[in-house]
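Biologist: I am new to this structure and would like a guided tour. Could we look at it together?
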Amino acid sequence: MAPTGRLLAVAALSFLCLQGPWGDSGSAFAQSQPPLHRTVRAEANDGGGLMPELPPSGLMPMPELSPSGSPTPFVPFLAPAPLAPFFNNSTPKLSGKCTLNFTAVDKLMTTTAVDCFTSFAPFLANVICCPQLQATLTILIGQSSKQTGSLALDPTVANYCLSDVQELLLSQGASDNLHSLCSVHLSNVTEGSCPVSTVDAFESAVDSSKLLEACRKIDSVNECCSQTCQNAINEAAQKISSKDAGLTSYTGSPKTDSCRNVVLRWLSSRLDPRSAKEMLRQISNCNVNGVCPLSFPDTSKVAKECGGTMTNSTACCKAMLTYVAHLQKQSFITNLQALNCASFLGAKLQKMNVSMNVYSSCQITLKDFSLQVGSQESGCLLPSMPSDASFDSTSGISFTCDLNDNIAAPWPSSMQAPSSSCNKSVNIPERPAATSAQSGEKI
């Protein structure tokens, strides 16, 4: 779909000063409507009552179904304590025992804190927060290797460094649960089972100029399919994995994965932090967009109402919309992830004797697989290209998403294997056009 045929949104969340975690005043999203763009913003006391109230446990409630069967749209929201600053300005409690050069990547740390802001980290984890956090850890070690000569941290020092990273991000508003949320382990920063961990040993074993040439400028559109940089990284990882006189490990083995981390750290040492971040995020997004991150509950109710010689389309669509409402409370996903999710669910239903295209019959679009935003909109699809959240002292946290690419969810053909993003039959834009609400340096 052409850019002029899309309506874009920046979900700009202005955090409110309410009485307690959730006050008595209602909050909603006041919408301005320029010709092609929409800014969805949380404002105090605008009476829309859109924001769901969290129970004491802090868990997101199940979206309620309207009489029409459509889920009530929402965006997860949690206000800070009354008059609390957006960022925690307290001095982080650092160990003093970490050898990483945090000063060299201060802008990168700020971007990571915003990407992983406390209230939104669980809902942006898969696409934005965790890929950015992993890139930050990789670049930190890579940049520090210029002084230390090491592409991995000693396990004892690594514990202190991971703690310091958490403290520094926490002081800028990030979630205090990132290590668990993003599955950060010592292997993310140590040598793991890779036999090569120093810059000198790495450069003596690998054609470093060839590797750098392949990854210095990644083709952001074609890399996921051509895998020019990724193939060079895997080749280097396999080469250094055999340096201990053992057999070369296969791609995806724990040993090769550890060596792949070393390769990425070396690349990050030869690029400036901004370029290194772009490279790492492009590579990670190839993996991110290749899967569906959602959990699918039992589909037996849908299969019962829609399977076989289905005669009651109303009951079928009600069951289908109720099911989709379970998916819509999980996370923001990209448009390509939504394509994978639609393919997965369709194939799952077909195996349960649902032959009718229920996506078409029930008007299910790709947006229906993502979290909901705005009073009149459905799911907010993030771009399939790497993106960051941003912070503005006036509007708060914002991120770009598509609200008006009403692409029908494709029902899988029983005669064809599911199409990959490299050969997809559905035309999905990689990135929404930038809006005037996006400003400031992104790094």
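Biologist: What span should the 14 residues of H8 have, and how far apart are its end C-alpha atoms?
Modeller: Please keep in mind that this is a predicted model. At 1.5 Å a residue, H8 should span 20 Å, and its end C-alpha atoms are 20 Å apart, which agrees.

Biologist: Which residues of H8 are buried?
Modeller: They are Cys229, Gln230, Ala232, Ile233, Asn234, Ala236, Ala237, Ile240 and Ser241.

Biologist: And what do the buried residues of H8 pack against?
Modeller: They pack against five helices: H5 (199-205), H6 (208-216), H7 (223-226), H9 and H10 (273-288).

Biologist: Let us take H9, then. At what angle do the axes of H8 and H9 cross?
Modeller: The axes of H8 (residues 228-241) and H9 (residues 254-270) cross at roughly 120 degrees and come within 8 Å. The crossing of H8 past H9 is right-handed.

Biologist: Which residues meet there, in H8 and in H9?
Modeller: H8 contributes Ile233, Asn234, Ala236, Ala237, Gln238, Ile240 and Ser241. From H9 come Lys255, Thr256, Cys259, Arg260, Val262, Val263, Leu264 and Leu267. By class, nine residues in this contact of H8 with H9 are nonpolar, four are polar and two are charged.

Biologist: A change of topic: how many aromatic pairs does the structure hold?
Modeller: The structure holds six aromatic pairs. One of them joins Tyr359 and Phe369 in an edge-to-face arrangement, with 6.2 Å centre to centre and 90 degrees between the planes. This pair links distant parts of the chain, 10 residues apart: Tyr359 is in helix H14 (residues 358-361), while Phe369 is in the loop between H14 and strand E4 (390-392).

Biologist: Are those two buried or exposed: Tyr359 and Phe369?
Modeller: Tyr359 is buried, because its relative accessible area of 1% falls under the 20% limit. Phe369 is also buried, at 0%.

Biologist: Which residues do ring pairs link into a cluster?
Modeller: The cluster consists of Phe120, Phe332 and Phe399.

Biologist: Now to Ala152. Where is it found?
Modeller: Ala152 is in the loop between helix H2 (121-148) and helix H3 (155-170). Its relative accessible area is 10%, so Ala152 is buried.

Biologist: What does Ala152 touch, leaving out residues up to four places away in sequence?
Modeller: On that basis, Ala152 touches Ile141, Val189, Thr190, Glu191, Ser197 and Arg265. Val189 is 37 residues from Ala152 along the chain, yet their C-alpha atoms are separated by 6.0 Å.

Biologist: Which helix does Thr112 lie in, and is Thr112 buried or exposed?
Modeller: Thr112 lies in helix H1 (residues 106-115). Thr112 is buried, with a relative accessible area of 0%. Leaving out residues up to four places away in sequence, Thr112 touches Gln132, Leu133, Thr136 and Leu169.

Biologist: Finally, the backbone. What is phi of Ser183?
Modeller: Phi of Ser183 is near 50 degrees, a positive value in a residue other than glycine. Ser183 sits in the loop between helix H4 (178-181) and H5. Its relative accessible area is 45%, so Ser183 is partly exposed.

Biologist: And what is phi of Asn353?
Modeller: Asn353 is not a glycine, and it has a positive phi of about 70 degrees. Asn353 is placed in the loop between helix H13 (335-351) and H14. At 51% relative accessibility, Asn353 counts as exposed, because the limit is over 50%.

Notes. Residues are numbered from 1 along each chain as its sequence is written. This is a predicted model: local features need pLDDT of at least 70, side-chain atom pairs count only at pLDDT 80 or more; totals for chains, interfaces and linings use all residues. Side-chain values use heavy atoms; hydrogens and water are left out. Helices (H or I, at least four residues) and strands (E, at least two) are DSSP runs, numbered from the N terminus. Buried means under 20% relative accessible area, exposed over 50%, partly exposed in between (1.4 Å probe, protein chains only). Contact means heavy atoms within 4.5 Å. Axes are lines fitted to C-alpha atoms, for helices over the stretch in contact, and angles run from 0 to 180 degrees between N-to-C directions. A crossing is left-handed if the near helix is turned anticlockwise from the far one by less than a right angle, and right-handed if clockwise. Ala, Val, Leu, Ile, Met, Phe, Trp, Tyr, Cys and Pro count as nonpolar, Asp, Glu, Lys and Arg as charged, and the others, Gly among them, as polar. Rings of Phe, Tyr and Trp (its six-membered ring) pair if their centres lie within 6.5 Å; planes under 30 degrees apart count as stacked, over 60 as edge-to-face and the rest as tilted. The expected span of a helix is 1.5 Å times one less than its number of residues.
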